[in-house]
Amino acid sequence: MLGLLLGPPSSAREVPVDALRNILVLMEPGSEAQPAFDAALVLARRAGARLELLMTDYQDLHTAYFSPPTATLQEFHETVMAAHQAVLERYSARAAAEGVPTICEALWGTPFHEMVLARVAATRPDLVVKHSVHHNRIERTLFTGSDWHLIRDCPAPLLLVKDPPRFEAPRILVCVDPLHAHDKPAALDHQLLRTAKTLAEQLGGEVHALHVFSIPTPVTVVGDAYIAAAAVPPAAATVESAAAAFRRLMADHALPAEWAHIRVGSPAREILSTAKDLDAGIVVMGAVSRGRLDRWFVGNTAEAVLDRLPSSVWVEKLPQG
């Protein structure tokens, strides 16, 4: 299992990377650095795309916190938004200096992910780029972080940026599931590989593919406790069947054998290990719809991957309808 298994997304659509025309960049208010902008600028230059810079903010403060102290709520709001607009215009000028057109807007409102999804529905960007920050334990487990909301609900491809400088000639690792053992449609593997190959062409990188044949761990119920037994090694014939399907998928996309990696074990552990061994700059994964309980279970694996990967992560869904 290598895709993210999530609840039903909004209507997704496949947009070839070489057809990127509008990239929505989620800017961070009050931040000195803007890693999402840095990464999006590289992509926009290579793809000839426009950047749409969006900064959202909301501060529910007592009037005692206003500066100056005599400011009204409206004055405080206008001051904050004017400062954000000035930041956006500065980044817009930076993009223009590199030949990349931009539009920008600062919006006041909450919750963040709903503001973003409304913007996506209104302007239909071909890609959404966000800086992926470390969530605390409660947010990660309960999927209340904005990353998780966007992974589940954003219909456009989503790029969670960890390290923008690694976008220059990166190794791109694509996670695939050629046996479709976890209901990941065959078409999604092909879509992810096409995306990765076009990214590699534009960024001067190389594409590697990974399939992890996962070993289920039996669970025994003893009273009110759940006891995990030792994992049962898969039959050799089963592993060979997975390897054969993986080789066929690689042949369909003319991927060299030395860039095709198959592992047996824990998906999270093997994704992390392979990405580290390759020094991957971008990991490409697919998101598919499953039930709520499945989303929770597999989300823990995705959580470990997203939270611990030093690589940026590109998440894409199959077109719906």
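Predicted model: local features only at pLDDT ≥ 70, side-chain atom pairs only at ≥ 80, totals over all residues.
Among contacts between residues at least 6 apart in sequence, 80% join residues at least 24 apart.

- Helix α3 covers residues 112–123, and at 1.5 Å a residue its twelve residues should span 16 Å; the end C-alpha atoms are 17 Å apart, which agrees.
- Which residues of α3 are buried? They are His113, Met115, Val116, Arg119 and Val120.
- Viewed down the axis of α3, these buried residues fall within an arc of 160 degrees, so they line one face of the helix.
- On the face of α3 turned away from the buried side you will find the exposed residues Ala121 and Ala122.
- The cover over the buried residues of α3 includes the strands β2 (22–27), β3 (50–57), β4 (102–108) and β5 (127–131), together with helix α5 (146–153).

**Backbone points worth a look**

- Arg124 follows α3 and is found in the loop between α3 and β5.
- Although Arg124 is not a glycine, its phi is positive, at about 50 degrees.
- Ala169 is another residue other than glycine with a positive phi, near 50 degrees.
- The loop that holds Ala169 runs between β6 (158–161) and β7 (171–175).
- With a relative accessible area of 52%, Ala169 is exposed; the cut-off for that class is over 50%.

**Aromatic pairs**

- How many aromatic pairs does the structure hold? There are two.
- Phe37 and Tyr91 form an edge-to-face pair, with 4.8 Å centre to centre and 70 degrees between the planes.
- Phe37 belongs to helix α1 (residues 35–47) and Tyr91 to helix α2 (residues 73–97), so this pair ties together parts that are 54 residues apart in sequence.
- Phe37 is buried, with a relative accessible area of 0%, and Tyr91 is buried too, with a relative accessible area of 10%.
- The rings of Tyr58 and Trp108 have centres 5.6 Å apart and planes at 55 degrees, so that pair is tilted.
- Tyr58 is in the loop between β3 and α2 and Trp108 is in strand β4, so to speak of sequence, the pair links distant parts of the chain, 50 residues apart.
- Tyr58 is partly exposed, with a relative accessible area of 40%, and Trp108 also counts as partly exposed, at 25% relative accessibility.

- Glu270 lies in helix α8 (residues 267–278).
- Is Glu270 buried or exposed? Glu270 is buried, yet it has no salt bridge.
- The nearest side chain of opposite charge to Glu270 is Arg263, 4.2 Å away; a salt bridge would call for a side-chain nitrogen within 4 Å of a carboxyl oxygen.
- Leaving aside residues up to four places away in sequence, Glu270 touches Leu210, Val212, Arg263, Val264 and Gly265.

Notes. Residues numbered from 1 in each chain as written. Heavy atoms only, no water. Helix = DSSP H or I, 4+ residues; strand = E, 2+ residues; numbered from the N terminus. Expected span 1.5 Å × (residues − 1). Buried < 20%, exposed > 50% of the residue type's maximum accessible area, 1.4 Å probe, protein only. Arc of directions from axis to C-beta. Contact = heavy atoms within 4.5 Å. Lys, Arg positive; Asp, Glu negative; His and termini not counted. Phe/Tyr/Trp six-rings, centres within 6.5 Å; stacked < 30°, edge-to-face > 60°.
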